[in-house]
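Hello,

Here is the structure I promised to pass on to you.

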Amino acid sequence: MTSVHPAPGTGELHTWWLSVPPPGATPRPGLHPSDEDGNGDGQRQWQRATRPGRSLHRHRRAFAHAGLRLLLAGYLPASRGEPTPARAACPVCAGPHGRPYVSNDQGLEFSMSHSGDGVLYAFTTGGAVGVDVESGPVLDRTRHTVSRWLAPHELRAIEAAPEGERPAAFLRTWVRREAWLKAAGTGLAHGMGPAPVQVPGGPQIIDLEVPDGYTASAAAPAGTRHIRHRRIPPGRILDTAV
């Protein structure tokens with residue numbers, strides 16, 4: 001049986017964006033399944049998935065992971081059953097916090113990041129991928145903490161930007177570094193590590209276009225082209241998010 005979404009070809013990057021509706025949100029037209037039989041199931045599903053009693057963190061996490069399961073099921077043949085993400089061992093300490101993966105024979109690699117109500121997903125084949133998204137503005141204490149981990153040349157580049165553009169320069173540097181660490185499989189478990197560099201055969205940093213208020217980058221195999229960016233309608237993941 002074929003998959004819904006053809007897997008990225010060699011050197012291709014697919015990204016997806018999900019805007020998580022707030023708890024208790026009233027559905028807009030097109031955000032929940034139409035009730036052709038008039039039984040109101042779509043409306044009830046929406047109310048359950050966005051129920052006000054769920055904490056904001058759990059609500060956002062539920063939608064983010066529901067979107068991931070939906071996309072993995074779309075990329076991988078349905079005959080294999082529902083894909084179950086797992087974590088590889090960290091390449092530094094062998095701890096269970098390495099890159100996420102699913103068993104498949106297509107070489108599909110993926111990464112997910114969420115900040116605020118935004119969730120970003122990335123998929124490649126033939127090499128690791130990492131993605132990071134952050135929403136601004138960044139708190140002063142966060143900027144101070146992260147700045148201690150940045151390389152001197154990164155700090156100089158941020159300071160060289162016009163004063164009004166420094167917050168954006170900081171966010172861009174931060175997401176590039178986190179995306180690189182996710183592709184490496186260590187994440188932040190061992191600190192920020194060395195600065196990502198563009199070298200032949202090394203990870204390629206790709207800055208991504210995302211909605212206003214967010215900054216995002218991906219780290220993918222060298223030579224990767226970003227060829228597809230799509231949005232996930234929240235109504236498509238109601239059953240999973242519930």
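Let me begin with strand β1, which is joined to strand β5 (residues 118–125) by six bridges, the two running antiparallel. Across this pairing, W17 stands opposite L120 in β5. Before going on, please note that this is a predicted model, in which local features need pLDDT of at least 70, side-chain atom pairs count only at pLDDT 80 or more, and totals for chains, interfaces and linings use all residues. Residues are numbered from 1 along each chain as its sequence is written, and side-chain values use heavy atoms, with hydrogens and water left out.

Two strands pair if DSSP finds at least two bridges between them.

Seven of the eight residues of β1 are buried, so the strand is mostly covered; buried means under 20% relative accessible area, exposed over 50%, and partly exposed in between (1.4 Å probe, protein chains only).

H14 counts as buried because its relative accessibility is 1%. Its side chain makes a polar contact with the side chain of Y75, at 2.9 Å. (A polar contact is a pair of N or O atoms within 3.5 Å; within protein, one must be able to donate a hydrogen and the other to accept it, and residues adjacent in sequence count only if both atoms are side-chain atoms.) Leaving aside residues up to four places away in sequence, H14 touches P6, A7, P8, Y75, Y121, A122, F123, I227 and R228, where contact means heavy atoms within 4.5 Å.

**The sheet of β6, β8 and β7**

Elsewhere, three strands make an open sheet with antiparallel pairing, in the order β6-β8-β7. β6 (130–135) and β7 (204–208) are the edge strands, each pairing on one side only. From one strand to the next the twist averages 20 degrees. Helix α5 (residues 166–184) packs on this sheet and touches β6, β7 and β8, its direction making about 150 degrees with that of β6. For angles such as this, axes are lines fitted to C-alpha atoms, for helices over the stretch in contact, and angles run from 0 to 180 degrees between N-to-C directions.

β6 pairs with β8 (residues 214–220) over six antiparallel bridges. Along that pairing, V131 stands opposite A218, and E134 stands opposite T215. β6 is mostly covered, with five of its six residues buried.

V133 touches W17, S113, H114, S115, L120, V175, Y214, T215 and A216, not counting residues up to four places away in sequence. S135 and G213 are 78 residues apart in sequence, yet 5.7 Å apart in space, C-alpha to C-alpha.

**Helices packed on α5**

Two packed helices are described by the angle between their axes and the distance between the axes. The axes of α3 (residues 140–147) and α5 come within 12 Å and cross at roughly 50 degrees, and the two are therefore oblique to each other. Those of α4 (residues 152–160) and α5 come within 8 Å and cross at roughly 155 degrees, so this pair is roughly antiparallel. Angles under 35 degrees count as roughly parallel, over 145 as roughly antiparallel, 65 to 115 as roughly perpendicular and the rest as oblique.

As for who meets whom, T142, R143, V146 and S147 in α3 meet P167, F170 and W174 in α5. From α4, E154, I158 and E159 meet R166, A169, F170, T173 and R177 in α5.

Happy to talk any of this through.

Best wishes

How values were computed. Helices (H or I, at least four residues) and strands (E, at least two) are DSSP runs, numbered from the N terminus.
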